[in-house]
Each structure stands twice: as structure tokens, then as C-alpha cells.
Amino acid sequence: MSDKDTAVLERKLQETGGGCQEQRALHLPSSIPRGVTPTVYDEVAAEQFLGPAGQHRVMKNKDGLALQTYFWPAADAKAVVLFVHGHGAHLMFEILRQTSLGQPMQYGGSWVEQWNKRGISVCGLDLQGCGRSEGKGGLRFFIERFEDYVADVLQLARVVRDEALGVAGFGRLPVFICGISLGGCIAFNAVLADQAAGEGLIQGTVLMAPMLSLEKVSRKGLNPYLRPIANLLSKLVPTAAIVATERNTLYPNIQAQWDADPLVSHSNTRVRNASEYLRITEASMQRLEEFQGPLLVFHSENDTMVDCAGSKALYLRAQSEDKALRLVNHMWHIMVREEGNEKINAEIAEWVLKRA
């Protein structure tokens, strides 16, 4: 592709403003935003991860960042699941199927395909700075304010509601939000914001090991010493990647998948992110009573990444009349990949369809 052609395509992306641009193939050099290195995901046919009917779009957020969004429509769809991924991951890594180490995830045999077969369309995005989405200043895995994540997710929910993308299988359907770990905290806060605004974007919420409390984690290792100066460090060295993230020693095969994927984070957490996570979890625990609407929560008491106590407190304090907590103590934290994940996938589908 010539420099002239590349410039034309980049200009067209800029002209999309807050909307979205369809891209069936991901292996175009011009589709890679600033700060994102080309990987094997750009070298294979998009059908591998989009399946026979999936679509990919670039959505510009309120700050003009190019965010990668994905849509897998179901035939005769009855509902939509908007999935929010966890810290350092990307959407395809969370809900598509591993083929071989270092290779792109695939649609066949994935959580997405199983939901599609049951009449549930699936969509989501790579959070800003994650996966193939652009980050502030071109930085990877960096967030200035946690609320920016929430705003991006709600923007996607509005796009789905308004049928702004023209993708069959999404418009005029009830939307259920589903988040894992960090994505669970984002989903929780997105629902609170939706309730406060009275938009009615989200009809139900599913949380898997949601990051609602980090009290136990904050007492491990050097964290007790770092926590009192978290705000200061966030102001002085916000982008420094010095906060260690626990490795998955219980499931080395899942850790190997993580290590081999070129689009996930392979470095420590940035100071600003860690500070924002502490701030938002403390704030979230003060707002549990505000939560309304259908709610299904999965968590393991053996989770060492985030505190199960947060999920228990949410179940007890949420105003929802329709709420359930599943303590899946045979699991750890990564419920989309650990043994028994198929049962969780099926239970979520049944729960969603009963409320669609």
C-alpha cells in the first residue's frame, strides 16, 4: 500500500468522528491505531475470529481514540450480550477459543459461538490502550480516569441501541452486560451510570469475579507500603509500570496462553491504573445499595486476584429483586477458561434468555 493510499485511509478514519467504520478484514496496515504494533492477528483472515457473520468496526470515543469493536450476530437473535474484558487482556482473548500458543483466537468452539447458537448476539470492544485499541498519547494499557472505560462501554451500548452500525442481529434487542474481573467493575459502574441517566441501555448484568474490592489484595507483598503513596505516585509518575501483577501458577496452561498472546499486557501495571483501581473499588463498595435490575454474579472464594467479599456484599446490599450469587469454589479467577467454564457459559445463556 502506498503512502498516499495510507494517508487517504487515515483521513477517512479521522472523518468518522464518534461513529464507526466497518472493516471486515483486520489485516490492513492502515487499520492499526497509533501505539499498536502489528501482530499475527493482522496476518490471518478475519473469518477466523469473526466467524461466518461477524463484523469489526472502528469506533471513535469522546476523546477521538480509535477503539476496536466486534460484533457476532446470532440468527433469529433474542438478546445481546455486551462483554467487557479484564485488565491487560483484549476482547478476543477472553471470549474466543485458543487454537495453538501464539496464534489468534478463533470463533469455532468459543463462548461466542455457543451463545450465538442459542440466539444471543455478542458484542464488545478492546478497552482503550488494550488489544488493538488506541490509548491516550499512544500508550498501551494506560487509563487517565476509570470513568473513561465506563464512558466507552456506554457509548457502545448506545450504538447498539440506536442501530447506528447497521449490523443485523443487534438493534431493538434487550442488551445484557457481562464483565469479568476489571470488566466486572466497569460493568457495575456502567449500570449505575445508566440508571442515574435514565437511559435504560442495560436490561441485566452478569459479573464474573468482579473487581469490586481489593482490600485483601492490597495487603499482600509490598502493596501495604505502596498504597499510602498511591495518589502521589499517580501524580508524579502516572505511566510508570512498576506495580506487580500476580502470575497464574494454578493453571500454567492458561498462563502460557497469556504469555504467548501478542496483544495482552506482558508488563507490570502502570501506577495510574493501579491508583484508579483502588479509588474506584473503594467508591464502588460505597454504592452497592444503588444497584438495581437483574443480577447474576459468579465468584470463587479461592480467588486471589480480587476479593470475593465484594461480590458477597453486592449480593446482600443490591436493591435488585432478581439477583443470584454463585460461589464456584472449584474455580479460581479466569472463569472463561478454567475447567467447568462451559457450564457457566450455558447458565449465563439460560439466565439471559429467560429475561430477554
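## Basis of the model

Residue numbers start from 1 along each chain as its sequence is written. In this predicted model, local features need pLDDT of at least 70 and side-chain atom pairs count only at pLDDT 80 or more, while totals for chains, interfaces and linings use all residues; side-chain values use heavy atoms, with hydrogens and water left out.

## Helix α5 against helix α10

Helix α5 spans residues 146–161 and helix α10 spans residues 271–285; helices are DSSP runs (H or I, at least four residues) numbered from the N terminus. Their axes come within 9 Å and cross at roughly 75°. Axes are lines fitted to C-alpha atoms over the stretch in contact, and angles run from 0 to 180 degrees between N-to-C directions. The two helices are therefore roughly perpendicular, a term for angles of 65 to 115 degrees.

On the α5 side, the contact (heavy atoms within 4.5 Å) is made by F146, E147 and Y149; α10 contributes N273, E276, Y277, R279 and I280. These residues comprise four nonpolar, one polar and three charged. Ala, Val, Leu, Ile, Met, Phe, Trp, Tyr, Cys and Pro count as nonpolar, Asp, Glu, Lys and Arg as charged, and the others, Gly among them, as polar.

Helix α6 (residues 182–197) packs on α10 at an angle of about 50°, with the axes 11 Å apart. The crossing is left-handed, that is, the near helix is turned anticlockwise from the far one by less than a right angle, whereas clockwise is right-handed. L182, C185, F188 and N189 of α6 meet Y277, I280 and S284 of α10, giving five nonpolar, two polar and no charged residues.

Between α5 and α6, the axes come within 9 Å and cross at roughly 70°, which makes these helices roughly perpendicular. Their crossing is right-handed. From α5, F146, Y149, V150, V153 and L154 take part, and from α6, L182, C185, I186, N189, A190, A193 and D194. The contact holds 10 nonpolar residues, one polar and one charged.

## Cavity

The structure holds one cavity of 30 Å³ or more. A cavity is a set of points on a 1 Å grid over the protein atoms alone where a 1.4 Å probe fits but cannot get out, and lining residues have an atom within 4 Å of a point. The largest cavity contains about 50 Å³ of space, a volume being the space filled by probe spheres set on the points.

Its lining consists of F71, V159, V160, E163, L165, G166, V167, F170 and G171. By class, six of the lining residues are nonpolar, two polar and one charged.

Technical notes. Angles under 35 degrees count as roughly parallel, over 145 as roughly antiparallel, 65 to 115 as roughly perpendicular and the rest as oblique. On a 1 Å grid over the protein atoms alone, a cavity is a set of points where a 1.4 Å probe fits but cannot get out, and a pocket is an open set with protein on both sides within 12 Å along at least five of seven lines; lining residues have an atom within 4 Å of a point.
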